[in-house]
Amino acid sequence: MADAGAGSLHGGDSALSCLPEEQELSQRLRRLYPAVNQEETPLPRSWSPKDKYNYIGLSQGNLRVHYKGHGKNHKDAASVRATHPIPAACGIYYFEVKIVSKGRDGYMGIGLSAQGVNMNRLPGWDKHSYGYHGDDGHSFCSSGTGQPYGPTFTTGDVIGCCVNLINNTCFYTKNGHSLGIAFTDLPLPAMISNQFMELLQEYIQHLFKSNLYPTVGLQTPGEIVDANFGQQPFVFDIEDYMREWRAKIQGTIKRFPIGDRLGEWQAMLQNMVSSYLVHHGYCSTAAAFARITDTTIQEEQTSIKNRQRIQKLVLAGRVGEAIEATQQLYPGLLEHNPNLLFMLKCRQFVEMVNGTDSEVRCFSARSPRSQDSYPGSPNLSPRRGSNNSHVHSTGADSPTCSNGVLSTKIKQSCSKYQALSSSSSSSSSSSPSSVNYSESNSTDSTKSQQHSSTSNQETRHLAFLSFFYLSDSEMEMEAEHYPNGVLENSSTRIMNGTYKHEEILQTDESSMEDNCPQRQLCGGNHAATERMIQFGRELQTLSEQLCREYGKNTMHKKMLQDAFSLLAYSDPWNCPVGQQLDPIQREPVCAALNSAILESQNLPKQPPLMLALGQASECLRLMARVGLGSCSFARVDDYLH
Amino acid sequence: MACVLEAPLRMSVLSEVTASSRHYVDRLFDLDPQKVLQGVIDMKNAVIGNNKQKANLIVLGAVPRLLYLLQQETSSTELRTECAVVLGSLAMGTENNVKSLLDCHIIPALLQGLLSPDLKFIEACLRCLRTIFISPVTPEDLLYTDATVISHLMALLSRSRYTQEYICQIFSHCCKGPDHQTILFNHGAVQNIAHLLVSTSYKVRMQALKCFSVLAFENPQVSMTLVNGKHKVLVDGELLPQIFVKMLQRDKPVEMQLTSAKCLTSMCRAGAIRTDDSCIVLKTLPCLVRMCSKERLLEERVEGAETLAYLIETDVELQRIASITDHLIVMLADYFKYPSSVSAITDIKRLDHDLKHAHELRQAAFKLYASLGANDEDIRKKIIETENMMDRIVNGLSESSIKVRLAAVRCLHSLSRSVQQLRTSFQDHAVWKPLMKVLQNAPNEILVVASSTLCNLLLEFSPSKEPILESGAIELLCSLTQSENLALRVNGIWALMNVAFQAEQKIKSDILRGLSTEQLFQLLSDSDVNVLMKTLGLLRNLLSTRPHIDHIMSTHGKQIMQAVTLILEGEHNIEVKEQTLCILANIADGTTAKELIMTNDDILQKIKYYMSHSNAKLQLAAMFCISNLVWNEEEGSQERQDKLRDMGIVDILHKLSQSSDPNLCDKAKTALQQYLA
């Protein structure tokens with residue numbers, strides 16, 4: 001289970017194949033074109049067996065092209081395009097073709113063409129088609145007549161084709177030597193325009209014209225060529241060429257004139273730094289900065305400190321306390337923000353599973369502070385150490401099962417599940433899934449019969465989710481994983497990557513991750529688990545209530561589902577949805593809460609610095625989409641240290 | 001004391017300068033050292049960026065006083081440092097400023113200052129020295145007058161990044177020619193400067209690199225050391241060529257790329273790096289081609305083209321690669337478009353800039369075309385097909401700038417190696433006319449290339465041959481053979497040889513007359529084997545077709561026979577002797593000329609001797625003589641046959657007819673047949 005989950009987590013390319021050469025290709029492509037989002041715009045990796053004329057034969061993983069027609073005259077020409085067009089976000093794209101054999105006459109063309117261009121032709125002869133031909137060394141720019149361009153090429157030569165998506169030119173190489181610009185008017189938007197209409201027009205043009213595919217064409221028998229889309233190191237030093245353009249573009253940015261508004265500029269920068277510090281509650285730094293730069297801080301010190309305290313609580317995983325503190329300091333805030341409250345509660349539930357939230361931590365003696373804030377908390381729960389023997393006795397055959405502290409019901413279910421999951425290897429005590437199902441069912445669900453499903457996995461989930469009276473059939477989904485949690489997609493809230501959890505937690509004497517090699521549900525405490533389940537029910541109720549009041553909210557549903565899914569696994573930290581337990585997932589919640597507080601105080605919910613950063617990133621994304629290649633050499637990351 | 005000495009000078013110019021300048025100088029003479037220091041500091045602030053103020057202070061005699069203060073042991077280090085700074089600032093001004101400073105013997109004073117233990121003072125002195133030495137008015141030799149200076153500078157290289165920067169800059173500006181290179185090299189320049197190539201300071205890296213580019217330029221010793229000296233020079237575990245290649249990367253500053261390409265070029269030409277090494281083929285060459293592109297500054301384009309011309313000059317494979325790289329041949333055509341018509345109208349500043357570089361650009365382009373077309377016919381064709389190429393060369397031949405003329409001739413020379421072009425474009429553009437003009441009163445370096453070009457234009461198949469002869473080429477060539485310059489002598493006689501090939505009687509007589517017998521014999525005894533060979537070639541060409549042979553031998557027979565005897569008796573290589581025997585064979589082909597041989601027993605014995613020589617080529621040449629002599633259709637053949645039989649020639653012929661060498665065997669049989677008929 002864990003393995004399958006890990007495999008699918010990577011997604012994308014590695015899932016395609018694990019061959020070493022494929023990996024090398026992927027690695028090289030990632031290095032060459034780091035700005036390309038390959039999920040959105042895949043890179044060419046081979047010739048397309050579907051997008052070719054029938055005189056073309058493909059072999060060797062669709063990288064070798066041979067001619068199999070009659071080759072009498074130009075009417076017998078045949079081309080093949082690559083599987084994908086060249087994404088603009090490459091900035092600079094390059095591929096090479098080795099002439100394995102020039103065949104009878106060596107009428108070979110190497111170049112680019114748009115989708116839909118006739119394949120019964122050599123590249124370059126038609127509109128939206130460009131080629132360099134071996135027999136005469138001419139370049140063909142969408143025309144039947146060529147221009148003298150470079151030397152001829154023949155058997156043994158390696159011809160490279162480089163598309164520069166920044167200035168929309170193309171040049172070829174022969175055996176590693178650049179032959180100079182061949183085409184200067186490739187159909188890609190050339191310049192960014194301030195005027196929206198022009199941009200739009202260009203964009204439309206782009207949609208129709210661009211998307212050039214690497215293309216080769218052959219015309220006489222015996223002609224064979226091999227492509228290199230990055231499978232092998234290139235003969236030409238393309239990376240050096242890219243370096244030049246990266247330097248050019250970064251130079252342009254560096255030299256961008258800011259005019260005579262120098263004073264304003266400085267004030268603006270100071271304001272950005274200051275507001276950033278304030279936003280994240282670095283109050284003494286902010287104060288020092290204000291003092292030195294002779295600026296003022298909008299927000300009051302106490303307010304900053306309050307936010308800082310709340311943020312620390314969230315980041316420490318003590319969401320319950322954070323909610324309480326927020327309600328105390330900012331009465332009405334959460335009431336007016338039911339979505340935020342729900343998010344916080346979901347997080348709180350996750351933290352309960354994690355064993356970090358105060359509501360479950362109070363069952364352990366670990367945190368003096370939570371004891372302080374919860375004076376009425378019950379007696380100390382048994383220490384984890386005393387449970388260990390229990391764990392070993394029950395979990396002897398499944399070492400990863402740490403269910404020794406679960407309530408009997410859950411313990412049973414969990415061990416069953418554990419056995420089930422390992423049944424393929426060895427299971428002595430595994431009960432059939434149906435038994436598992438009914439057993440869990442019998443505990444508290446009356447409505448769950450309708451969930452009877454065929455797949456084992458679903459069954460398992462349903463078994464657990466039925467605790468919470470799930471009534472919506474939409475919940476019958478397989479446990480999916482959301483790499484970045486729900487929050488990130490949900491809004492524009494900015495994550496603050498600068499917090500270090502260790503630092504924040506260091507006032508706390510204990511940290512779950514540090515102390516126990518074997519993490520346990522709710523800190524391994526029976527009472528805590530009961531509390532967690534109860535809290536889960538409350539959360540479910542809240543969800544239904546919100547649904548009634550504000551209508552269906554898929555986001556909520558998903559959050560809830562993800563959170564509850566944790567219970568479906570014996571070791572939630574090592575399960576497909578286990579990522580939720582990662583302390584890093586507290587950050588979006590923390591940011592959302594912080595933003596909401598700031599908004600309630602009539603302060604910007606995002607620091608201008610982050611806004612600018614986000615805007616820059618978004619700009620680059622947009623540039624990639626409309627085909628402005630320079631985006632690939634001006635990445636925001638390059639400027640963040 | 002200084003006060004008293006300088007007072008009269010100051011009086012004489014007082015009227016011309018402002019009171020404020022005078023005030024600054026006056027303060028240098030204050031008795032309170034503290035006030036002097038403050039005066040110098042104020043002066044420093046006053047002169048920065050103010051050329052007029054600088055000139056005023058120099059006129060008022062501030063320099064000797066500053067130098068005095070700088071050298072005075074009693075001056076505080078601070079004062080001495082400030083003096084050096086002010087002097088450096090004065091040197092930053094006009095060339096006249098530098099001249100004035102030099103007149104006051106500033107260099108020895110500053111060099112003396114380098115012996116101080118104080119780093120700040122040393123840096124100030126070096127900075128000032130740097131500024132003075134990079135000025136074109138400063139003679140570089142001033143650096144080398146005292147042998148201890150260089151070693152002291154080498155020692156100072158370790159002191160700080162500023163000493164490193166300034167010293168490297170001084171070296172790279174003062175290293176002109178092999179003597180300077182050797183001095184610096186012997187002081188361990190390579191080892192001392194190598195590690196500066198990886199300094200954290202860009203300026204230091206750059207100046208160190210420049211040092212290497214001048215040290216290695218046309219210097220095999222330095223070049224070899226850079227690659228693999230006895231003590232391998234490693235910097236951060238890497239060899240210097242690897243470091244240079246890194247500096248070629250396309251995101252490095254252009255200046256750095258260009259300079260490191262120059263280093264690698266020198267190393268390649270010195271044979272330290274193979275011409276097929278990937279660092280040359282895939283890095284240096286493409287980098288230099290890029291330097292020729294329109295995007296580069298004019299200076300960079302000039303330097304790039306010249307360096308590339310040098311790199312590929314002697315290697316046809318590099319020429320081929322360069323010729324296909326980035327449309328270089330077309331790109332170079334742009335070098336002739338300065339000043340452009342646009343710049344003249346729109347921008348006077350740009351026009352000035354363009355004009356200044358126009359000559360340099362043209363000569364650089366010609367040089368590179370010359371290298372590109374040196375060996376490959378296809379490349380020559382591509383060059384000539386470039387827009388207006390022949391017109392540009394023709395124009396270049398008559399430009400006022402010697403540099404451009406020389407480069408144009410070199411280019412023409414390179415292209416003249418093409419038979420096809422000689423027949424076509426050279427004829428179409430009457431290239432010979434400006435070429436003949438260039439040959440009149442040109443300096444030797446131009447003459448060498450131009451006469452060599454003329455050689456090619458005078459080849460038998462060249463349509464230019466006749467008009468060139470008509471315009472008095474023979475006289476010119478004959479005078480070249482008398483030159484002190486060996487290359488000119490070779491070219492002169494070579495051209496005459498080409499002229500004489502299958503020429504008509506009149507031309508041959510013109511040559512003999514123009515050359516004079518004495519000069520001919522002078523050339524035959526020339527110490528240079530090339531001159532001797534070409535002279536013999538000329539003789540051989542003169543002595544062809546029977547009427548010509550008889551005519552020439554009737555007038556010059558005696559001297560020629562003498563010369564031939566001398567050469568056959570002398571210590572010469574096989575080729576020379578073979579050529580001489582061929583001349584004899586030609587003489588033997590004459591009707592009356594034959595007798596000159598038959599009556600000369602000495603020569604006959606020599607021919608006999610060479611028939612049995614160990615070298616087959618000489619045997620064959622001797623056989624030609626015999627064959628011509630015994631040919632029986634001609635008058636008096638019977639007598640000649642008899643005489644030769646008596647000499648034992650027939651026996652040798654019989655022996656040779658058994659030879660394993662088919663040529664010899666055939667020739668001997670043919671000769672024997674003459675006896676049978």
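1. Next, the make-up of chain A. The chain has 641 residues, and 51% of them are buried. Its secondary structure comprises 24 helices and 14 strands. The accessible surface comes to about 30200 Å². Carbon and sulfur atoms account for 53% of that surface.

2. Confidence needs a look before any detail is read. The average pLDDT of chain A is 72. A score of at least 70 is reached by 67% of its residues.

3. Over residues 189-194, pLDDT stays under 50. The model still has 16 contacts beyond four places in sequence for that stretch. Residues 365-517 also stay under 50. For them the model has 211 contacts beyond four places in sequence. Where pLDDT is low, predicted coordinates should not be read in detail.

4. Which residues touch the most other members of the largest nonpolar core? They are B:Leu372 and B:Leu584, in a core of 242 residues. Leaving aside residues up to four places away in sequence, B:Leu372 touches B:Ile312, B:Gln319, B:Ala322, B:Ser323, B:Leu328, B:Ile329, B:Leu332, B:Ile379 and B:Ile383.

5. There is also a second, separate core, with 70 residues. Among them are A:Ile110, A:Leu112, A:Val117 and A:Ala227. As background, nonpolar side chains tend to be buried together in soluble globular proteins.

Methods. Residues are numbered from 1 along each chain as its sequence is written. Chains are lettered from A and ligands numbered from 1 in the order in which they are written. This is a predicted model: local features need pLDDT of at least 70, side-chain atom pairs count only at pLDDT 80 or more; totals for chains, interfaces and linings use all residues. Side-chain values use heavy atoms; hydrogens and water are left out. pLDDT is the predictor's confidence in each residue, from 0 to 100. Contact means heavy atoms within 4.5 Å. A nonpolar core is a set of buried Ala, Val, Leu, Ile, Met, Phe, Trp, Tyr and Cys residues joined through side-chain atoms within 4.5 Å. Buried means under 20% relative accessible area, exposed over 50%, partly exposed in between (1.4 Å probe, protein chains only). Helices (H or I, at least four residues) and strands (E, at least two) are DSSP runs, numbered from the N terminus. Accessible areas come from the Shrake-Rupley method with a 1.4 Å probe; for residues, only the protein chains shown count as cover.
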